[in-house]
Amino acid sequence: QSAGEKAEGDALIKMVSEYLTANLDPDEVDVTREIPQNVIRDMFKMGLFAMKIPKEYGGLGLSQVNYNRVMMTISSYCGATAVLLSAHQSIGVPQPLKMFGTEEQKKRFFPRFREGSISAFALTEPKVGSDPARMMTEARPAPDGSHYILNGMKQWCTNGPVADVFV
């Protein structure tokens with residue numbers, strides 16, 4: 001890392017550490033199985049759901065090293081919170097969109113991840129496990145093109161209960 005990049009990461013890590021210590025009880029998260037809505041809201045305000053999203057789309061534009069450093073900090077404090085953020089950004093929409101999305105898709109979706117949208121990942125199916133080559137679920141455009149019709153069954157979707165955008 002350059003000195004400037006390291007300083008940027010250090011500042012975010014300090015802010016996140018102080019925030020979590022003052023506002024989140026990881027034992028309570030384990031007991032209730034819920035991350036408080038005010039904490040999720042504040043993480044959006046801090047840009048934590050947009051850490052890997054380029055700055056030109058409203059994200060923090062962190063390098064992979066700084067992203068890993070921030071996630072390590074969060075993981076050491078509350079595993080459930082780290083899973084929510086990590087799944088959203090790595091196997092959810094932001095990473096594949098960053099790698100393979102069109103410019104129009106990036107302009108349309110990236111800003112949502114700074115404003116309150118959480119993404120989920122839906123892979124595991126009965127008799128398939130985690131083998132994407134054997135998935136049976138299909139998403140087909142509706143006849144009028146306004147939405148997709150999903151056919152199939154998922155055993156679970158990481159972040160599914162709180163997400164509004166799915167991979």
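Me: What makes strand 2 (residues 138-141) and strand 3 (residues 148-151) a pair?

Reply: In this predicted model, four bridges join strand 2 to strand 3, and the two strands run antiparallel. Pairing requires at least two bridges, so the two strands count as a pair. Within this pair, Arg 140 stands opposite Ile 149 in strand 3.

Me: What lies between strand 2 and strand 3, and which residue in the turn has a positive phi?

Reply: Six residues lie between the two strands, which form a hairpin. In the turn, Gly 145 has a positive phi of about 75 degrees.

Me: Why is helix 4 called roughly antiparallel to helix 5?

Reply: The axes of helix 4 (residues 64-77) and helix 5 (residues 79-90) cross at roughly 150 degrees and come within 6 Å. Angles over 145 degrees count as roughly antiparallel, and helix 4 is therefore given that description relative to helix 5.

Me: Which residues make this contact, and how are they divided by class?

Reply: Helix 4 contributes Tyr 67, Met 71, Ile 74, Ser 75 and Tyr 77, while helix 5 contributes Gly 79, Thr 81, Ala 82, Leu 85, Ser 86 and Gln 89. By class, the contact of helix 4 with helix 5 has six nonpolar and five polar residues, with no charged residues.

Me: Why are helix 1 and helix 4 called roughly parallel?

Reply: The axes of helix 1 (residues 3-23) and helix 4 cross at roughly 20 degrees and come within 9 Å. Angles under 35 degrees count as roughly parallel, and the two helices are therefore roughly parallel to each other. Their crossing is right-handed. Among the residues that make the contact are Leu 12, Ile 13 and Val 16 of helix 1 and Val 70, Thr 73 and Ile 74 of helix 4. By class, the contact of helix 1 with helix 4 has seven nonpolar, five polar and five charged residues.

Me: How do you know whether Val 70 is buried or exposed?

Reply: Val 70, whose place is in helix 4, has a relative accessible area of 0%. Buried means under 20%, so Val 70 is classed as buried.

Me: Which residues is Val 70 in contact with, leaving aside its neighbours within four places in sequence?

Reply: Val 70 is in contact with Leu 12, Ile 13, Leu 48, Met 51 and Leu 62. One of these, Ile 13, is 57 residues apart from Val 70 in sequence, and the two are 5.6 Å apart in space, C-alpha to C-alpha.

Methods. Residues are numbered from 1 along each chain as its sequence is written. This is a predicted model: local features need pLDDT of at least 70, side-chain atom pairs count only at pLDDT 80 or more; totals for chains, interfaces and linings use all residues. Side-chain values use heavy atoms; hydrogens and water are left out. Axes are lines fitted to C-alpha atoms, for helices over the stretch in contact, and angles run from 0 to 180 degrees between N-to-C directions. Angles under 35 degrees count as roughly parallel, over 145 as roughly antiparallel, 65 to 115 as roughly perpendicular and the rest as oblique. Contact means heavy atoms within 4.5 Å. Ala, Val, Leu, Ile, Met, Phe, Trp, Tyr, Cys and Pro count as nonpolar, Asp, Glu, Lys and Arg as charged, and the others, Gly among them, as polar. Buried means under 20% relative accessible area, exposed over 50%, partly exposed in between (1.4 Å probe, protein chains only). A crossing is left-handed if the near helix is turned anticlockwise from the far one by less than a right angle, and right-handed if clockwise.
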